[in-house]
Amino acid sequence: MSFSFDLIVEFLPVFWQGTLVTIAATVVGFLLSLIVGGVLLTLMRAPSRLVSLPAVLFMEFVRSTPLLVQVYFLFFVLPNVGIKMPAFLTGVIALGLHHGAYVSETYRAALEAVPRGQWDAAVSLNYGRAKAYWYLILPQAAPIALPALGNTLITMIKDTPILSAITVTELMFVANDIGTQRFQYTEPITFAAIIYLVMSLAAAALVTYLDRSFRIARS
Amino acid sequence: MEPAIRFERVSKRFGATIVLDDFDFAVSCGEKVAILGPSGSGKSTLLRILMTLEDIDDGTVYLEGDRLWQRTPGQSATATSSRELARLRSKVGMVFQQFNLFPHMTALENVAAAPRHVLGHSAGAAKKLAGDLLDKVGLGDRLHSYPARLSGGQQQRVAIARAMALRPKVMLFDEPTSALDPELVGEVLEVMKALAHETDLTMIVVTHQLGVARAIADRVCFMERGRLVEEGDPNTFFDAPKSDRTKAFLRSVKLA
């Protein structure tokens, strides 16, 4: 068996395009999950059960069904009720909703890890709820949440191939496509794996760097 | 003259535990009161009620004549609107046993935070105020240190400066020296003594340390099981306590 580097070189521009789509899907999906997580947590904490119960049910549903099913649902079922979106947008929304459900748990755990005494101090200094969150609690919760959010980011990179199932031309779609064109899968799949590895390692390095700079800033 | 603080038949329960039991208590403006008592006697809860960190189950609490809490059983505890509560709360400052400094801020930022965020001072004015206050508690050279880099005594002095930055009329100290190594108690006590002797601040100090009570208080109170057992000026209280419970408590604390 021989490994054809020529094939990879030949398709380098195509790989590059696919990688860009993967990065775009990850970045947009991740930002979306950060927002979805915040909204979900806020809704789940609402005093009215009319608001909190649907949010809890939604979260349980999302966490208990496969991402692929959710992607298919958004892509194939929603158009039947008149909601039609481009494949990329659909995929990114699915990633954001799916991981947002986990992010809300990360947020909750991080907020609960801020000691109760910090709230006592906030009240004693006459901070209102919103100001206490913004100036005192969130800046402490953010570094606590950071490592878990880093895991979410890396998981999300590795989940993007699912978008190939709805024709998003991301890295895995491209690699598979080259394979079918040339009846040669070893090279494109191996190369795709290496690119995923590089992206995951880069994301992990970024998270470690941020984590360290938070620590240094506070001592 | 209206007392700074008045508890009128206040009851407070945590589940089945009665923390304050039909409790009557008053502190005059400018008075320095120390409260002693075994743990679970309701002393800290008394402070937390005044700081609006806890509500009450029955009775009325007045702050400078204004109702802070009022409740008759079965009704909601908040007799005051949240705006009124914020107005009253601004008259009260609190120092905690565990300091509760904001770990993500330097000493200067800790003290400047509330003037900036709550009172709306400019960054410059807030920092100037914070710098002056930290100078007064002897930390003029540690302005840019994070709490993690300060000793317990230094942290507690920052916490006192932080509470003072909002110019409270009443200062509550919840076991301010209990979490400190013995050799660090002195520096915090000096700051508290300065506040006690040089300002007209009303002070309530909950403590286990008799030295702290003696150094600061005009009046010493002994609480047990949610009730005031005995009170008096420090000399009478420590040298000639009346009730047997007080005597036993003083003996046990001195031995400790």
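Helix 2 (residues 12–44) of chain A gives the most to a nonpolar surface patch, with six residues; helices here are DSSP runs of H or I with at least four residues, numbered from the N terminus. The model is predicted, so local features need pLDDT of at least 70 and side-chain atom pairs count only at pLDDT 80 or more, while totals for chains, interfaces and linings use all residues. Residues are numbered from 1 along each chain as its sequence is written, and side-chain values use heavy atoms, without hydrogens and water.

**Nonpolar patch**
- The patch is formed by W16(A), L20(A), I23(A), V27(A), V28(A), L31(A) and F88(A).
- Together these residues have about 600 Å² of accessible area (Shrake-Rupley method, 1.4 Å probe, only the protein chains shown counting as cover).
- Patch members have over 30% relative accessible area and no salt bridge, and nonpolar side chains are joined within 5 Å.
- I23(A) belongs to helix 2 of chain A.

**Interface of chains A and B**
- In contact (heavy atoms within 4.5 Å) are 17 residues of chain A and 26 residues of chain B.
- The buried area is about 2000 Å², with 61% from carbon and sulfur atoms; this is the accessible area (1.4 Å probe) lost on being put together, summed over both parts.
- S124(A), L125(A) and N126(A) lose the most area on the chain A side, together 30% of what that side buries.

- One salt bridge is counted between the chains (Lys or Arg side-chain nitrogen within 4 Å of an Asp or Glu carboxyl oxygen).
- D120(A) pairs with R48(B) in a salt bridge, the closest N and O atoms being 2.9 Å apart.

Technical notes:
Chains lettered and ligands numbered in written order. Buried area = accessible area lost by both parts, 1.4 Å probe. Patch = residues over 30% accessible without salt bridge, like charges linked within 9 Å, V, L, I, M, F, W, Y side chains within 5 Å. Helix = DSSP H or I, 4+ residues; strand = E, 2+ residues; numbered from the N terminus.
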